[in-house]
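Me: I have not looked at this one before. Could you take me through it?

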Amino acid sequence: LHISLHSFPTRRSSDLLGEGRAVTVRAEGDGYAVTAPFSETFGAALRECAPSRRWDRDAKVWRVPATAKRGLWTALVRAFPGAPLITDRGVSVVAA
């Protein structure tokens, strides 16, 4: 995921990750596998912003095609502002 990411300013990332609020976005094939805490806001935003997404019941992840990257980011910012974000590139926070 190649989107603007910000470092944690004052707290250790291990402290934030322990709070259970972390969102994980991993590149897989021609899209992303997204793991996030349950959120009705995220579900609604993802349906609106990334209509081609699908829930993978077996893996318990959202599958979002690469073509919907902007929509995925919009949904994450709406539902999880300031939440820890784990990607293939490291750990940061969800920020607009």
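Reply: What follows covers the sheet, the core and the salt bridges, in that order.

Me: What kind of model is this, and how are the residues numbered?
Reply: This is a predicted model, in which local features need pLDDT of at least 70 and side-chain atom pairs count only at pLDDT 80 or more, while totals for chains, interfaces and linings use all residues. Residues are numbered from 1 along each chain as its sequence is written, and side-chain values use heavy atoms, with hydrogens and water left out.

Me: What is the order of the strands in the sheet?
Reply: The six strands form an open sheet in the order 3-4-2-1-5-6, and their pairing is mixed. Strands (E, at least two residues) and helices (H or I, at least four) are DSSP runs, numbered from the N terminus. Two strands pair if DSSP finds at least two bridges between them.

Me: Which strands stand at the edges?
Reply: Strand 3 (54-56) and strand 6 (90-93) do; each has a single partner strand, so one side of each is left without a neighbour in the sheet. On average, neighbouring strands are turned by 30° against each other, direction ignored. The axes behind such angles are lines fitted to C-alpha atoms, for helices over the stretch in contact, and angles run from 0 to 180 degrees between N-to-C directions.

Me: How many bridges join strand 2 to strand 4?
Reply: Four bridges join them, and the two strands run antiparallel. Ala33 stands opposite Arg63 of strand 4, and Val34 stands opposite Trp62 of that strand.

Me: And what about strand 3 and strand 4?
Reply: Strand 3 and strand 4 are also paired in the antiparallel sense, over three bridges. Arg54 has Arg63 in strand 4 as its bridge partner. Four residues lie between the strands of this hairpin, in which Lys60 takes a positive phi near 55°.

Me: Changing topic: how many residues are in the largest nonpolar core?
Reply: That core has 20 residues, and those with the most contacts inside it include Val25, Val34, Phe42 and Leu72. A nonpolar core is a set of buried Ala, Val, Leu, Ile, Met, Phe, Trp, Tyr and Cys residues joined through side-chain atoms within 4.5 Å. Buried means under 20% relative accessible area, exposed over 50%, and partly exposed in between (1.4 Å probe, protein chains only).

Me: Which element gives the largest share of this core?
Reply: Helix 3 does, with five residues. Elements that give two or more residues include strand 1 (23-28), helix 2 (40-49) and helix 3 (69-79).

Me: What is Leu76 in contact with?
Reply: Leaving aside neighbours within four places in sequence, Leu76 is in contact (heavy atoms within 4.5 Å) with Val23, Val25, Phe42, Pro81 and Val94.

Me: How many salt bridges are there?
Reply: The count comes to four, where a salt bridge is a side-chain nitrogen of Lys or Arg within 4 Å of a carboxyl oxygen of Asp or Glu. One of them joins Asp88 and Arg26, with the closest N and O atoms 3.6 Å apart. Asp88 lies in the loop between strand 5 (84-87) and strand 6 and Arg26 in strand 1, so the pair ties together parts that are 62 residues apart in sequence.

Me: Where do Arg78 and Glu48 lie?
Reply: Arg78 is in helix 3 and Glu48 in helix 2, 30 residues apart. Their side chains meet in a salt bridge at 3.1 Å, N to O. Arg78 is partly exposed at 44%, whereas Glu48 is exposed at 55%.

Me: Is Asp56 buried or exposed?
Reply: Asp56 is buried, with a relative accessible area of 13%. Asp56 forms a salt bridge with Arg63, the closest N and O atoms being 3.0 Å apart. Salt bridges that share partners join Glu28, Asp56 and Arg63 into one network.
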